[in-house]
Amino acid sequence: MNSDVTIEISNLSKRFRLYHEKYTSFRERFVHAGKIPYEEFWALKDIDIQVKTGETLGLLGRNGSGKTTLLKCMASILLPTTGEIAIRGKVAALLELGAGFQPELSGRDNIFLNGSLLGLSRKEIVKRFDEIVAFSELEQFIDNQVKYYSSGMYMRLGFAVAVHVEPELLLIDEVLAVGDESFQLKCLSKIEQFQKEGRTIVFVTHAPDLAKKICNRAVILEHGTVAIDDDISQATKVFRKDILHTKEADED
Amino acid sequence: MPSSSGLFKKADGRDKLHNGLEPAYLAPVHIIRPNRNIWQRLADIWHHRELLMFLIRKEVHLRYSNSVLGLAWSMLNPALTLAIYWIVFEKVLRNGIPNFVVFLFAGILVWNLFSTSVLGATGTLVANSGIVKKVAFPREILAIASVGAASVLFFFQALVVAIGLIILNSGPAWGYLPLIPLAIVVLLVFSTALGIFLSAVNVYFRDTQHLVEVMMLALFWAEPIVYPYKSVAAIFANHPSLFWLKWIYLANPLAGVVLAFQRFLYAHVNAINTVTHQPMAILPTRTISSYAELLGIVLVVCIALLIGAIGVFAKLAGNLAEEL
């Protein structure tokens, strides 16, 4: 692996088993022993992608094209069926804002629990605690139970914890599509800051316009394989024309 | 928005780029493969030990959240149970064993830690499916956290038992105290092994949870908790053809742990039956080293079980997020 590469995906495939009916009880397993009907479905087939350090890669594709599966493999939430992924440095995955928040715990306790889930040490959380709270703008409510938070407050806290993990590689799955405009702007400016600092970002979206705003390169997945791997404007143009069959929104 | 200037400074003095990031080539590379072996998994678990602490705190906290007395329940509950058993077995249902409540509680202390751990761990992956599907961390931690939370409750129960011993004026056999740490280690390793194994199996077969509940009842009566070990030993002695049954009985890791706790807390090996006034045997008349030997053998078996459980978990872990 070259020293200027952050992600190297080689020959990656991921197979899912689609059960026609899911037999998870002993009785059903027993009755259907050895002939549980399922279809094999390759969500990803022979993926090879290399991402250089400091790049912001957009992963585009239609629903079901495998982009979230690929992101989950990079985050080691799912393990690949064959092939491997080499990643340099710390990874933070933003698949869902506030995943793992416990409604019964206070915002303060949740920052510690969530930060720890995302790989921060206790010391690091203590050091960044004030910044996380300030970023989330929840100073007033930080000792309230999270179950009393509005969904906006919930997301702000989730994003605040995640970006303070300070990863070398940030994986984002459409979480920016939620929240009000000022929150979105804040997220975007945080992403810009990450880019300036030379961190690598992989961004999953099905919105080419958003990708164009953020990314400098795009990989477009189609039925679990790489259809296009090009710089962002070229890739989104082809994506619109050949896959979405829509017209460029802002013809330039 | 906070000033971002101080945000990415790191405390250590290693080589930095102007933006505060370590040079990329210094960062360690990790590789995601279809399988991770047992040693890699153990290293991952060790690396996440702080997360384990937070999860244990969360579990203990959630158990008593929104109750007025909160954590006090963890002591009130065993204290009230102890009081009820005292009334039942000293005043109503006299079975002849002197100070029976102390005998009973020595076993129940062990049993509660075991059953709370294993039942909690069995359901934990399903109950925490939200984070299993969205966050990457070694999933075994969830099962280990169930054992950890049960250990916290065990600590409070042990305090109650200690206070109970003072009130009942029943002194333990101090000479056997060194057995207790060893017995606790055996108990924790065994509970963790079962917990890790069952937590993963339960994702694929949801009946496991219900099956475990029934098995727990059977296992409870397979331990010398309510009855003294010597009464089953007498059956084995009277039927020499059943000698193999004795070894099956003692091969159950919990039996050795329960006997060690009883030997220390209850202290009486023989006693005078309070109903018939005849002498009766209660616990094996063995030396401390013979008890320790039994626990040592059991510990080796339990460590092997733990490694096996993590091995099974490793096989099932790759598909956990999609099966939930």
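This is a short exchange about a predicted model.

Biologist: What makes Arg49(B) count as a charge over the ring of Trp46(B)?

Modeller: The charged end of Arg49(B) lies 4.2 Å from the centre of that ring. The cut-off is 6 Å, together with a limit of 35 degrees from the ring normal. Arg49(B) therefore counts as sitting over the ring of Trp46(B).

Biologist: Why are E5 and E9 of chain A called edge strands?

Modeller: Start with the sheet. It is open, with 6 strands in the order E5-E6-E7-E3-E8-E9 (chain A) and mixed pairing. Strands E5 (91-94) and E9 (225-231) each have a single partner strand, so one side of each has no neighbour in the sheet. The twist averages 15° from one strand to the next.

Biologist: What makes E5(A) and E6(A) a pair?

Modeller: A pair needs at least two bridges. E5(A) and E6(A) share 4 bridges, in the parallel sense. They therefore pair. Within them, Ala92(A) has Leu170(A) as its bridge partner.

Biologist: Which chains supply the lining of the second largest pocket?

Modeller: Strand E1 (5-19) of chain A and helices H12 (288-317) and H13 (320-323) of chain B each give at least two residues. E1(A) gives the largest share, 5 residues. The pocket holds about 540 Å³ of space. Among the residues closest to its centre are Arg15(A) and Tyr204(B).

How values were computed:
Residues are numbered from 1 along each chain as its sequence is written. Chains are lettered from A and ligands numbered from 1 in the order in which they are written. This is a predicted model: local features need pLDDT of at least 70, side-chain atom pairs count only at pLDDT 80 or more; totals for chains, interfaces and linings use all residues. Side-chain values use heavy atoms; hydrogens and water are left out. On a 1 Å grid over the protein atoms alone, a cavity is a set of points where a 1.4 Å probe fits but cannot get out, and a pocket is an open set with protein on both sides within 12 Å along at least five of seven lines; lining residues have an atom within 4 Å of a point. Grid points are joined across faces, edges and corners, and a volume is the space filled by probe spheres set on the points. Axes are lines fitted to C-alpha atoms, for helices over the stretch in contact, and angles run from 0 to 180 degrees between N-to-C directions.
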